Structure formats: C-alpha cells, structure tokens
Amino acid sequence: MRRPPSGRPSVVASLVVALVASLGVLVAPVAAGPVAADTSDTPTALTPVGPCRTFDSRETPDRGRLDESTWRVQIAGDCDVTEGARAVVLSVVVTNVTGSGFATIWPSEDERPTVSNLNYRVGHTIANTAIVPLSAEGTVDVYLSATASFAVDVTGFFADAPDPVAAGRFEPVDATRILDTRTSDEYGSGDLVVPLPDGVPDDASLLAVTVTSVAATGRGYLSVFTADDERRDTSIVNTDDRNRTRANLALVPVTPDGFVVARSVSGHVLVDIWGYFTGPSADVATDGLFVPRAPERVWDSRESLDPIHPDGTVERAIAPSGASAIVANVTGIDLTAAGYTTVHAAGTPRPEVSSLNYRWNHPVAAATITRVSDRGVAFFSSAGAHMAVDVAGWFRGAPMAATTPVPANDFPAADSD
C-alpha cells in the first residue's frame, strides 16, 4: 500500500509507553526468545464452520461471567464445533468502550497469560482474529482490562490429526495482493466478489488473507463469506473515523467461485493472501498440520528501548524447528506517525503487502499467519514503531531458505541546517 510520511520514535515516547503499559493500556512484556518445539503434541487439522456468532455480551452480558472483567465462553458444541476440538479460529469484536484497554483470550484451564489480542479506546469498535487452544471442556476465557462489550464469531476449529491427512493442512504461498480497489472503479459500498487466486485448488476449504479497509466514510464494517452463501451477521474489520485504515487476518471459507467481501459503508478494500487450507483432493501428508499452544509473548522491543526505526527491519528467531509458518499476534506500540508493518520470512524479499496498519499514538494489533525461514521472521515498519509479538502455535513443515543479507534498522539521522 502507499507509504505515508515517516516519523522518528523518541526515547521519551518509549518511556511514556512503558508508563502507560504499567497502567493497564497494554499488557506487560515477558522475556523473549526462540520457541521450543513440542514434538509430543499431536498436530491438528482445520475444519471450516460459519462464520457463526457464538457470543455477544450486548445480548447476554452475564452469560459465563466469572468476575467484573472476565467471561468464560463455551465454544465446543456450538456453531458446529465438535466436542474434543483442540483449538478454534475466532473473530473478536469489542465495542461500547468506556476506557482505553486491551483484550486477552486464552484456554480456560490456564492462568491468564501476559499477552493481548487487541487494543481499544473510547468510542472505537475494533475486531481482531485469534487462533486459541480450547480447554478440555471446550471453552476459552475472555478478559477486558477496561469496560466494553464484545462479540465472538467462529470461522473454524482444529481437531487431532494423528496420521497424515489430505484436508485441513495449511499451504503457504508467496504473499501477494489479490485485490486493491484503489486501482479500479470499485470504490463504494456493497459486495465485492474476490475470485479464487491462481494456483489455489478448487476444493481448498479456506484462504488465509489480510483484509484492509482504506478511506471508509465512517462507522461500519466488512464481513466475508463464500460466493454462494448468504450474508451473515458477523464482521472481520470494523471502521470508526473517516479515512482510518484498518486491517485484520481472515480465514475465509471459499468455493471455486471465490469469496465475497461485504462493505456496510463506502470505502476501498485491499486483500493480501498468505496461504490456503487444503481440501480432500490434496496429497496425504503431515506438512501444514497445526500445533496449537497457549499464547505466549516471545518478543517485545520495549524491553531494549530499541524500536523498529522508519523503513527498518528487525529479524527474530521466534519459530521452533520443524515449523513452516507461525500464528502470531503483532501489536504496534509507540506510534509517532501513520504507517504499516509487513511480517514475512527473514532473509527473503519483502512482499508488497501489509500485516498491520496504524496511525500515531494508538496501539494497534493484528493477527497474522507468517512463513518462517531458517533465520526466523522479519518485521518491517514504514514509519517506525515498537512491536510486541505473541505466538499461539505453528504449522509443521520445512522453513524457507534465507537468501538475502540481514537488513538494516538504522536510527534516523538528525536533521541538519
């Protein structure tokens, strides 16, 4: 997408963000480092469902409520999610916000982890995708640090695949922009049909795509569904202010005719593809099976007070051996200008796509499914930002080979007369 003017992060701003974090706007960081592989864990395959709304606190505010800030949401047994499912794909929408805060989603039997899934502030409605392990009872817990309402939509679940399987495996592709209405005459509201991209089999079950709203005219939302399905009461991206750019990862069910992006208000739409999930005609294999894990913060650049500088890239070895891609939540913090972040395999050419969009002075989170290389994962920022990265699992397979030098992350030169 178009590159906005760069800004220069400051040490003072970093210290301010650290203070804000201590007050609860962001979760505190934890130690970062490479993720250890858990070879004893049975991998899982994906089954698409819905999209289906399974919970809405605006309608049943006390259902599953554990305390003033925490709810237990029953997932298994609803929205066609089978008993025994190991993990679930959720789209979580937060609205009716009365204060700046964050949301955390995790399997119910665990203690609340030091991670966040999305950040919000007064007057905003915002959504993000989360791939979360389920408790033995098929539940997740949702924590809101500041008072708000929330809704939970289900788009798929992962169940054990102890043997090689055909369907439900993730196949990464070269990240590519497959829709950009800024280059066509498709600005407006209403539905956009996105054809199945070249190279994706006709019986693929879902696409992993980032859907970005650009230049929306006001409050509204984007929803996604298959090209032969009816419109559903779910959302994947929500818009508030005029001209705000917002992005979110979507695992979109598809047919040979592709899928539909529905716009409730006028605006531009971008769609970037990261990969697809196999159908029954695929080869039988174990590559692409998902290993879920309780979400864990693996990198927080605030710990070193050294952000990603404008037009800079930082690489991190945050994937285990035997992983071809990771599921991560990426939060941009200490934002001094509007910009975007691209997450991709370290040591490979940066694709012309975006994973996260942001503007100054407001933490923003986005889920991503990202390929990894034998050097790890790269994080590029167009305008400069601190990054917090939480990992919730990985897909089995061979990493890409790193072929390019380690990129620069130079501090901007001081202005001179």
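This report covers backbone features, aromatic rings, cavities and salt bridges in one predicted model.

In this predicted model, local features need pLDDT of at least 70, side-chain atom pairs count only at pLDDT 80 or more, and totals for chains, interfaces and linings use all residues. Residues are numbered from 1 along each chain as its sequence is written, and side-chain values use heavy atoms, with hydrogens and water left out.

## Backbone

Most residues other than glycine have a negative phi, and most peptide bonds are trans. The bond from G50 to P51 is cis, with omega near 5 degrees. P51 sits in strand 1 (residues 44-56). Strands here (E, at least two residues) and helices (H or I, at least four) are DSSP runs, numbered from the N terminus.

N96 has a positive phi, near 50 degrees. Its place is the loop between strand 3 (87-95) and strand 4 (101-107). A215 also has a positive phi, near 60 degrees. This residue lies in the loop between strand 11 (206-214) and strand 12 (220-226).

How exposed are these two? Buried means under 20% relative accessible area, exposed over 50%, and partly exposed in between (1.4 Å probe, protein chains only). N96 is partly exposed at 47%. A215 is partly exposed at 21%.

## Aromatic rings

Rings of Phe, Tyr and Trp (its six-membered ring) pair if their centres lie within 6.5 Å; planes under 30 degrees apart count as stacked, over 60 as edge-to-face and the rest as tilted. The whole structure holds 12 aromatic pairs. In one of them, the rings of F158 and F290 have centres 4.6 Å apart and planes at 40 degrees, so the pair is tilted. F158 belongs to strand 8 (residues 149-160) and F290 to strand 16 (residues 290-300), so this pair ties together parts 132 residues apart in sequence. F158 is buried at 0% relative accessibility, and F290 is buried at 0%.

The rings of F277 and F395 have centres 5.9 Å apart and planes at 65 degrees, so this pair is edge-to-face. F277 is in strand 15 (residues 259-277) and F395 in strand 23 (residues 386-396), so the pair ties together parts 118 residues apart in sequence. F277 is buried at 0%, and F395 is buried at 0%. Ring pairs join F158, F170, F277, F290 and F395 into a cluster.

Some rings have a charge over the face (NZ of Lys or CZ of Arg within 6 Å of the ring centre and within 35 degrees of the ring normal). R112 lies over Y143, at 3.7 Å from the ring centre. R350 lies over F380, at 3.6 Å from the ring centre.

## Cavities

On a 1 Å grid over the protein atoms alone, a cavity is a set of points where a 1.4 Å probe fits but cannot get out; lining residues have an atom within 4 Å of a point. A volume is the space filled by probe spheres set on the points, which are joined across faces, edges and corners. The count comes to 3 cavities of 30 Å³ or more.

The largest cavity has a volume of about 130 Å³. It is lined by 17 residues, of which N117, A130, I131, N329 and A392 lie nearest its centre. Strand 6 gives the most to this lining, with 4 residues.

The second largest cavity holds about 100 Å³. Of its 15 lining residues, S91, T155, V224, S235 and I236 are the closest to its centre. Strand 14 gives the largest share of that lining, 4 residues.

## Salt bridges

Side chains of opposite charge can pair when their charged atoms come close. A salt bridge is a side-chain nitrogen of Lys or Arg within 4 Å of a carboxyl oxygen of Asp or Glu. The count comes to 14.

R297 in strand 16 and D390 in strand 23 link parts of the chain 93 residues apart. Both R297 and D390 are buried. D300 and R302 are buried too. Salt bridges with shared partners join R53, D56, R58 and D153 into one network. Within it, R53 is partly exposed at 26%, whereas D56 is buried at 6%.

How values were computed:
On a 1 Å grid over the protein atoms alone, a cavity is a set of points where a 1.4 Å probe fits but cannot get out, and a pocket is an open set with protein on both sides within 12 Å along at least five of seven lines; lining residues have an atom within 4 Å of a point.
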